[in-house]
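Please look over the sequence and the structure before reading the points below.

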Amino acid sequence: MSNESDEEFFKLWMSAFQESMEKARQRTSSFEYEMQQHLYKDFASKYDKAISLESYSGPSKIAEKINDLVFDKNIKILDYGCGTGLVSEYLIKFGFSEIDGVDANQEMLNLAKAKGTMNKLILGRNDEGLKKISSNEYDIVCSAGTFFLSATHPGTECFREICRTIKSGGYFILLTKQSYLSCSYVNWSIVEELEKEHVLEIVSKEPYEGYRKHFPNEQDTQSTGIIFTFRVL
């Protein structure tokens with residue numbers, strides 16, 4: 001992948017990575033997860049370039065949301081599914097500096113560490129990394145483009161552990177592609193349980209156009225994203 005043009009690289013990204021993820025939205029297995037992690041490893045060094053070429057708006061959108069939501073720049077933030085640290089780069093521009101990250105892929109974390117925009121980096125799949133974190137540790141946990149991406153990516157089963165790490169009155173901000181919410185593996189009843197137990201409440205649901213470029217195999221021509229803001233009680 002060293003000498004190709006942007007157009008050639010984007011075609012490779014689409015065929016090797018995005019098409020694989022589209023297929024993974026229909027399947028769930030340990031093999032599927034391992035295959036995805038190999039893809040992340042193979043593309044890690046050019047992940048930021050690929051994200052830029054597909055005009056993915058998640059990191060900037062979620063950072064803007066956090067900046068609009070709070071005035072205190074000294075709050076502690078955890079980026080769940082931080083990847084190469086793209087969200088933290090935008091948060092730094094807004095003046096936030098107490099940022100940690102957790103991700104399931106070591107190669108992605110290595111790249112995030114090299115950027116120097118986050119303090120503590122934690123390796124762990126789903127809620128494994130979260131269990132290494134003390135209760136009431138963060139003011140905000142954010143996550144852009146990690147939840148519901150496929151059947152083996154994090155889902156609502158991680159919400160309880162995420163809420164445990166957030167201080168009372170703090171926020172969990174989740175950004176995803178709206179169409180992913182209709183996938184069969186998304187279990188929203190867990191959110192309803194947490195609401196009934198007064199663990200969290202939904203503050204807002206904000207759809208927006210331009211999650212990323214529209215891909216040819218997608219029905220959603222506007223590529224609609226959605227930002228959920230939950231308050232931990």
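The points below cover the overall fold, the annotated domain, the nonpolar core and the salt bridges. The model is predicted. The chain has 8 helices and 7 strands, and its radius of gyration of 17 Å is close to the 17 Å that the globule rule gives for 233 residues, so the chain is as compact as a globular protein of that length.

**Overall fold**

- The C-alpha trace spans about 50 × 40 × 35 Å along its principal axes.
- Of the 233 residues in the protein chain, 52% are buried.
- Among contacts between residues at least 6 apart in sequence, 72% join residues at least 24 apart.
- The protein chain exposes about 10,800 Å², and carbon and sulfur atoms supply 48% of that area.

**Annotated domain**

- An unreviewed UniProt entry places the feature "domain: Methyltransferase type" at residues 78-174.
- Over residues 78-174 the chain is 26% helix and 28% strand.

**Nonpolar core**

- In soluble globular proteins, nonpolar side chains tend to be buried together.
- The largest nonpolar core in this model has 67 residues. Ile66, Ile140, Phe147, Phe159, Ile162 and Phe172 are those with the most contacts inside it.
- Strand β5 (residues 166-177) gives the most to this core, with 6 residues.
- Which residues does Ile66 touch, leaving out those up to four places away in sequence? They are Ile77, Leu91, Phe96, Ile140, Cys142 and Ile173.

**Salt bridges between separate elements**

- Side chains of opposite charge can pair when their charged atoms come close.
- The count for this model comes to 11 salt bridges.
- Glu89 forms a salt bridge with Lys115, and the closest N and O atoms are 2.7 Å apart. This pair links distant parts of the chain, with Glu89 in helix α5 (residues 86-93) and Lys115 in helix α6 (residues 106-115), 26 residues apart.
- Glu89 has a relative accessible area of 29% and is therefore partly exposed. Lys115, with a relative accessible area of 30%, is also partly exposed.
- Glu89 and Lys115 are linked with Asp48 in a network of salt bridges.
- Asp139 forms a salt bridge with Lys167, with the closest N and O atoms 3.4 Å apart. Asp139 lies in strand β4 (residues 138-144) and Lys167 in strand β5, so the pair ties together parts that are 28 residues apart in sequence.
- Lys167 counts as partly exposed because its relative accessibility is 33%.

- Glu161 forms a salt bridge with Arg164, and the closest N and O atoms are 3.0 Å apart.
- Glu161 and Arg164 both lie in helix α7 (residues 159-165), where they are 3 residues apart, about one turn of the helix.
- Is Glu161 buried or exposed? Its relative accessible area is 18%, and the cut-off for buried is under 20%, so Glu161 counts as buried.
- Arg164 is partly exposed, with a relative accessible area of 25%.

Key. Residues are numbered from 1 along each chain as its sequence is written. This is a predicted model: local features need pLDDT of at least 70, side-chain atom pairs count only at pLDDT 80 or more; totals for chains, interfaces and linings use all residues. Side-chain values use heavy atoms; hydrogens and water are left out. UniProt positions are given in the numbering used here, feature names are shortened, and annotations may be inferred rather than shown by experiment. Helices (H or I, at least four residues) and strands (E, at least two) are DSSP runs, numbered from the N terminus. A nonpolar core is a set of buried Ala, Val, Leu, Ile, Met, Phe, Trp, Tyr and Cys residues joined through side-chain atoms within 4.5 Å. Buried means under 20% relative accessible area, exposed over 50%, partly exposed in between (1.4 Å probe, protein chains only). Contact means heavy atoms within 4.5 Å. A salt bridge is a side-chain nitrogen of Lys or Arg within 4 Å of a carboxyl oxygen of Asp or Glu. The radius of gyration is taken over C-alpha atoms; the globule rule is 2.2 Å times the number of residues to the power 0.38. Accessible areas come from the Shrake-Rupley method with a 1.4 Å probe; for residues, only the protein chains shown count as cover.
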